[in-house]
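Try each task before reading its solution.

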Amino acid sequence: MKEAKILFTPEDEMDFIPIIPLNENEGDNSADIVIPSELSLLPLRNTVLFPGVVLPITVGRDKSIKAVNDAYKADKLIGVIAQKDSNVEDPAVKDLEDIGTVAKIIKMIKMPDGGTTVIIQGKRRFKVTEITAEDPYFKARIELLEEDEAPKNEDFNAYVANIKELAGQIIQLSPNIPSEASIILRNIENPSFLIHFISSNLNTELAEKQKLLELNNIETRADLLMKLLQRELQFAELKNKVTTKTKTELDKQQREYFLQQQMKSIKEELGGDTNEREVKEMLKRAEAKKWTEAAREMFKKGVEKLERMHPSTPDYSVVYNHLDLMLDLPWQEVTEDQYDLKKAKKVLDHDHYGMDKVKERLLEYLAVLKLKGDMKSPILCFVGPPGIGKTSLGRSIATAIQRKYGRISLGGLHDESEIRGHRKTYIGAMPGRIIQMLRKLKSSNPVIILDEIDKVGNDFRGDPSSALLEVLDPEQNNTFYDNYLELEYDLSKVLFIATANDINNIQPALRDRLEIINLSGYAVEEKVQIAKRHLVPKQKEAHGLKKIEFKIGDTVLQKIIQDYTRESGVRELDRYLASIMRYEAKEYALHENVKNTLTEKDIEKILGKPKYNNEIYKVANIPGVSIGLAWTYVGGDILFMETSLSDGKGELKLTGNLGNVMKESATTALTYLMSNAKKAGINPSLFEKKSIHVHVPEGAVPKDGPSAGITIMTSIASALTGKRVKPYLAMTGEITLRGQVLPVGGIKEKVLAARRAGLKEIVLCWQNERDIKEIEPAFIKGLNFHYVKTMQQVLDIALG
């Protein structure tokens, strides 16, 4: 036998390397061996010995050592049998399998530690018929099992070839098995020994190996072996795949590390590490900053952290961007205010016509600032209809006091993080809009417009209105905390100006922090002046007509305003003026000449027939129709109130998309008229014979509020008395069951709407007289006001 390297391990573990005999047929040729009918038994824990296979075994148990010694001194034959449970330390008869292999002890070696190693070779299979002794070791009466002859047919040859192929593939996929093993396998010619040899080396359960040993039919044994080999091959392929993938990933990491080291060396050759250069630049920028103490400390820690990090790490960009924001913010950098009040008033007057109340408030603020030198900026809120210049007024304020100007649109904002910022650990994190604006403006005392503050929404991401509470509170905003910045920032020097169309949509707690300044709509005269001073020059320049001389007179502008627009602001007017400029630009391009002065006929030619006609408002042709004045967030408006009688039982029917308050006003009006029928000149029996239907046209538009009370009452009274309502008359006021008329809001917008509509007389509550006195007399020229205290006075004026 050739020398082989043998791994000697205790029989308890039974790891081994099989040795192949030089003569592979030696295991089957036992004619020269006399096997007695009674043999001593050697129980093995973790393996099964097959005929022809050579195994080195280290014997550790006392019983086993004695059995091996006695057998070696006698005929060197011993019965090798497997334990059913390898965990049993001292096996009994019931723990042993019935079928084993007669083994010849080829060599016995005494080990230095007192153990014994034996090299055994399987000879014949046997079956235990009777255990004859258990002490000092197991002895058994045996019956030798005959081996079937290997068939000579093609099918069996194919089985053998397939077994060799599968075993060879497993050897190739297993790094721990030397590749020479596949050469040995290919050179084994005896099919029976081949099956025994591969079965012995199979990495499978002990029970499956024992089953292979017990099978008498060699074809059946070959079939089972092939199935076990296929399973083993699948495990080997999977293991190899996982190992290869892990190795590939490791190689990729090593490759990236190697490339990074190369890049670092190249950067050093070109003039130092990028990281060091970036840190130096930051420190240089930081020298000129006017830090707060907390900001200086945080910046210092951030730079120290950045120096320790490699630029390729994910957190590097997070720390770098945070430090970059700190450097960009104007911590204590402010622009110098311009305290020339006369110059400031001139700028405001130039940019905006009218708005005297707003201008006065701003000049007061500047006066206090000039005297005191420093103060917490108030939070102003301009409330008024669209298109009257709330946003542009903020820009004019910034120009007047020579501060930087920024605008933040809050319309549709529904994420609290837009105000407070995201925590910097989030992917794509950013500071809030306030901090972003200060970073952009590079000043800690700019004018910032918070546009459309009444359009802020809220959802599962938080309520931005609540986040604005801290921003817009002069007592709190000197310590405004941004989640991204992770520091308190002083916003007290910022002049915040909010704009809104409807103050009722602003959260009450937020509204409490704002100084509300109401901006009412423009009168026709104001619109004419705004068009002459601002809109016409702006549109001429926008359409390339700046150098071309032509005029649009006051009368023509007034026609455009009255016949083509119905608005409180001037946006629609601006669009119509743009249409006129486009027409003039086309005429000049075609004929190289335009008319010096545009006439009313020219306007109708350019803009088409008038959209609005005031004649419809001037008279109420039939009884039961009255004209009311309404206020909407886009300004004042006119609405009709129609009442019709029909045969019935005194029922009141209301239509026109009315709200609850308006329906209650109608019920109150009817109850009052029923209670005071004779006084109002109404036949009381009508309430029992007639059904009353009150309708407000434009049914698609929701309408609500108490201010239509006297209008509804007048309409019902007109229908019941058969008297027409006085022409050119409009009214607004709330009613009570006692017959009183109560004041309402939005008077200026309503009065201007009435004047736009060409009405002559207006009925109001006596308490609203103060609102009329605040309106420029020129704007209400030609209007006659009736101030009333009772509902009877309203009827006397309207139906008298």
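A cavity here is a set of points on a 1 Å grid over the protein atoms alone where a 1.4 Å probe fits but cannot get out, and lining residues have an atom within 4 Å of a point. Volumes are the space filled by probe spheres set on the points, which are joined across faces, edges and corners. We're working with a predicted model, where local features need pLDDT of at least 70, side-chain atom pairs count only at pLDDT 80 or more, and totals for chains, interfaces and linings use all residues. Residues are numbered from 1 along each chain as its sequence is written, and side-chain values use heavy atoms, with hydrogens and water left out.

**Exercise 1.** Find how many cavities of 30 Å³ or more the structure holds, and describe the lining of the largest cavity.

*Solution.* Step one: there are three such cavities. Step two: the largest cavity has a volume of about 60 Å³. Step three: its lining residues include Ala-344, Leu-362, Ile-397 and Leu-495. Step four: sort them by class, with Ala, Val, Leu, Ile, Met, Phe, Trp, Tyr, Cys and Pro as nonpolar, Asp, Glu, Lys and Arg as charged, and the others, Gly among them, as polar. You get nine nonpolar, no polar and no charged residues. α10 (341-351), α11 (356-372) and α12 (390-400) each supply at least two, and α11 gives the most, with three.

**Exercise 2.** Which elements each supply at least two residues of the lining of the second largest cavity?

*Solution.* Start with the space: about 50 Å³. The elements are β3 (77-82), β4 (99-110) and α5 (206-214). By class, this lining has eight nonpolar, four polar and no charged residues; Thr-47 and Gln-210 are among the lining residues.

**Exercise 3.** Work out the strand order of the open five-stranded sheet, then see what packs on it.

*Solution.* Strands pair if DSSP finds at least two bridges between them. The order is β8-β9-β12-β7-β13, with parallel pairing. β8 (405-409) and β13 (515-518) each have a single partner strand, so one side of each lacks a neighbour in the sheet. Next, β7 (residues 380-383) joins β13 through four bridges, and Leu-380 stands opposite Glu-515. Finally, α12 lies across β7, β8, β9 (447-451) and β12 (495-500), at about 165 degrees to β12. Angles run from 0 to 180 degrees between N-to-C directions of lines fitted to C-alpha atoms, for helices over the stretch in contact; contact means heavy atoms within 4.5 Å.

How values were computed
1 Å grid on protein atoms, 1.4 Å probe; cavity = no way out; pocket = protein on both sides within 12 Å on 5 of 7 lines; lining within 4 Å.
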